[in-house]
Amino acid sequence: MRLILLGPPGAGKGTQAQRLVEKHGIPQLSTGDMLRAAVKAGTEVGKRAQAVMDAGQLVSDEIVNQIVSERVDESDCRRGFILDGFPRTVAQAEALTGILAGKGQQLDAVIELKVDESALLKRMEKRVAETIAAGGQVRADDNPESFKKRLSEYREKTAPLSAYYAGTGELKTIDGMADIDVVTAEIEGILSEAARAR
């Protein structure tokens, strides 16, 4: 089971990915974690990534694509994986299709959690208020301004992926504003349909 979860910040991707990891025993692969692991392991591509980061630059698509390609070859990905935060752009999506095809694999599903952005903003403001009321610590980026910025960045860079995967016929959309258990059930439905089609 190889899948991608799409959706803006706060759409609940993390929660759903965690449930899938627990139920299906497949890893959730985040670009940040993969980069850190490659650097720590001192792999060839990890060294290249380290040099770029040390220079204060952004790691190129070519390096990220290679790190993803090597990561999905590891034994824990034999039964599948969930990609989180990759691909971020259409160019990365095209590269991913090529990477998987080269391994004789393909994605089983690209699932987008559709959300109402103004409702998301209200939800976040409520969460912040509740955290403060309970005397908790609020994350630095958990404020309406930076949240709006993250949303518009998502729309600009990542939203075109929806159109790309709709074009390939792989995109399935789910109402991300629904109850968490409802969303989980819908994802499971999509995955069992994909398994039957295989």
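Guide: The expected span is 1.5 Å times one less than the number of residues, while helices (H or I, at least four residues) and strands (E, at least two) are DSSP runs numbered from the N terminus. The model is a predicted one, in which local features need pLDDT of at least 70 and side-chain atom pairs count only at pLDDT 80 or more, whereas totals for chains, interfaces and linings use all residues. Residues are numbered from 1 along each chain as its sequence is written, and side-chain values use heavy atoms, with hydrogens and water left out.

Visitor: Which residues of H5 are buried?

Guide: Buried means under 20% relative accessible area, exposed over 50%, and partly exposed in between, with a 1.4 Å probe and protein chains only. In H5 the buried residues are Gln92, Ala93, Leu96, Ile99 and Leu100. They lie on the same side of H5 because they cover an arc of only 120° around the axis, the arc being that of the directions from the helix axis to the C-beta atoms. The face turned away from this buried side carries the exposed residues Ala101 and Gly102.

Visitor: What do the buried residues of H5 pack against?

Guide: Their partners are strand S1 (2-6), helix H4 (61-71), strand S3 (81-84) and helix H8 (160-168), where contact means heavy atoms within 4.5 Å. After H5 comes glycine 104, with a positive phi near 70°.

Visitor: How should I read the packing of H3 and H4?

Guide: Two packed helices are described by the angle between their axes and the distance between the axes. Axes are lines fitted to C-alpha atoms, for helices over the stretch in contact, and angles run from 0 to 180 degrees between N-to-C directions. Helix H3 (residues 44-54) packs with H4 at an angle of about 145°, the axes being 10 Å apart. Val45, Arg48, Ala49 and Val52 of H3 make the contact with Glu62, Ile63, Gln66, Ile67 and Glu70 of H4.

Visitor: Is arginine 71 buried or exposed?

Guide: Arginine 71, which is found in helix H4, counts as buried because its relative accessibility is 17%. Leaving aside residues up to four places away in sequence, arginine 71 touches Pro27, Leu29, Met34, Asp76 and Cys77.
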